[in-house]
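Hi,

Here is the structure I promised to pass on. Have a look at it first, and then read my notes below.

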Amino acid sequence: GPLKSLEGKIGKERDSYSRQLLLMQYLGISPLARDGVDSMIIRQALKEIPAESGLWSVSPGLILAATGRAGISFDADAYLDRFLAGNRDRTLKAIILFNQMMGAKYQQKDEQYKKYYSQLVGEYGDTQYGQMAKQRFSMESAIAVGKKVPAFKLASLEDANSPISNDLLKGKTTLLDFWAVWCGPCIGEM
């Protein structure tokens with residue numbers, strides 16, 4: 001298949017820039033392959049293509065895909081930190097910071113989350129990703145453990161004429177279950 005063909009070309013190519021281009025092509029095709037993807041070649045690409053290379057700007061998603069598939073023996077965070085320190089592409093840096101921030105948030109790594117959030121809104125706040133972080137992930141979140149519940153008013157599912165509000169629930173222990181129409185398990189609970 002196309003991956004085996006590329007592997008052969010990569011193995012024969014001696015010019016470093018041409019090898020980097022072939023490795024980028026491999027990274028681009030490998031997500032489409034059902035099997036036969038060699039994580040050693042992915043790690044080789046990350047070794048041979050410098051983090052600061054402008055090649056990463058050609059296809060912004062490749063750096064995240066490659067670092068995510070390089071295997072546990074590869075230090076993806078260190079590579080991405082080198083990328084953030086040395087690459088000149090502001091938009092791509094904002095994408096990487098946003099991705100790293102989200103990963104830290106969902107892994108509950110609060111210090112990393114704060115670091116990436118601060119860098120993203122501080123240095124790249126004018127980008128689409130910086131704006132999105134400011135709007136959706138403010139460090140001064142209105143909802144947090146120990147904080148007063150913000151004012152709200154919702155239609156009751158049982159009686160549309162009797163809305164539910166924070167005032168109505170004051171002093172009561174209440175569980176609010178948030179769901180979405182696109183969430184299969186959420187719909188299943190109803």
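Predicted model: local features only at pLDDT ≥ 70, side-chain atom pairs only at ≥ 80, totals over all residues.

To start you off: does Gln100 count as buried or exposed, and why? Gln100 counts as buried because its relative accessibility is 10% (buried means under 20% relative accessible area, exposed over 50% and partly exposed in between, with a 1.4 Å probe and protein chains only). You'll find Gln100 in helix α6 (helices are DSSP runs of H or I with at least four residues, numbered from the N terminus). Leaving out residues up to four places away in sequence, Gln100 touches Asp77, Leu80 and Tyr116 (contact means heavy atoms within 4.5 Å).

Residues are numbered from 1 along each chain as its sequence is written, and side-chain values use heavy atoms, leaving out hydrogens and water.

Now the core. The largest nonpolar core has 44 residues (such a core is a set of buried Ala, Val, Leu, Ile, Met, Phe, Trp, Tyr and Cys residues joined through side-chain atoms within 4.5 Å). The members that touch the most others are Leu27, Leu46, Trp56, Phe83, Phe98, Met101 and Leu120. Helix α6 gives this core its largest share, 9 residues. As for Leu27, if you skip neighbours within four places in sequence, its contacts are Ile42, Ala45, Trp56, Leu62, Ala66 and Arg69.

Next, look at how the helices pack. Helix α1 (residues 2-12) and helix α2 (residues 16-29) sit at an angle of about 160°, with axes 9 Å apart (axes are lines fitted to C-alpha atoms, for helices over the stretch in contact, and angles run from 0 to 180 degrees between N-to-C directions). That's why α1 and α2 are roughly antiparallel (over 145 degrees; under 35 is roughly parallel, 65 to 115 roughly perpendicular and the rest oblique). From α1, the contact uses Leu3, Leu6, Glu7, Lys9, Ile10 and Gly11, and from α2, it uses Arg19, Leu22, Leu23, Gln25, Tyr26 and Ile29.

Then there's α2 with α3: the angle is about 135° and the axes are 10 Å apart, so these two are oblique to each other. Here Arg19, Gln20, Leu23, Tyr26 and Leu27 in α2 meet Ile41, Ile42, Gln44, Ala45 and Glu48 in α3.

Cheers
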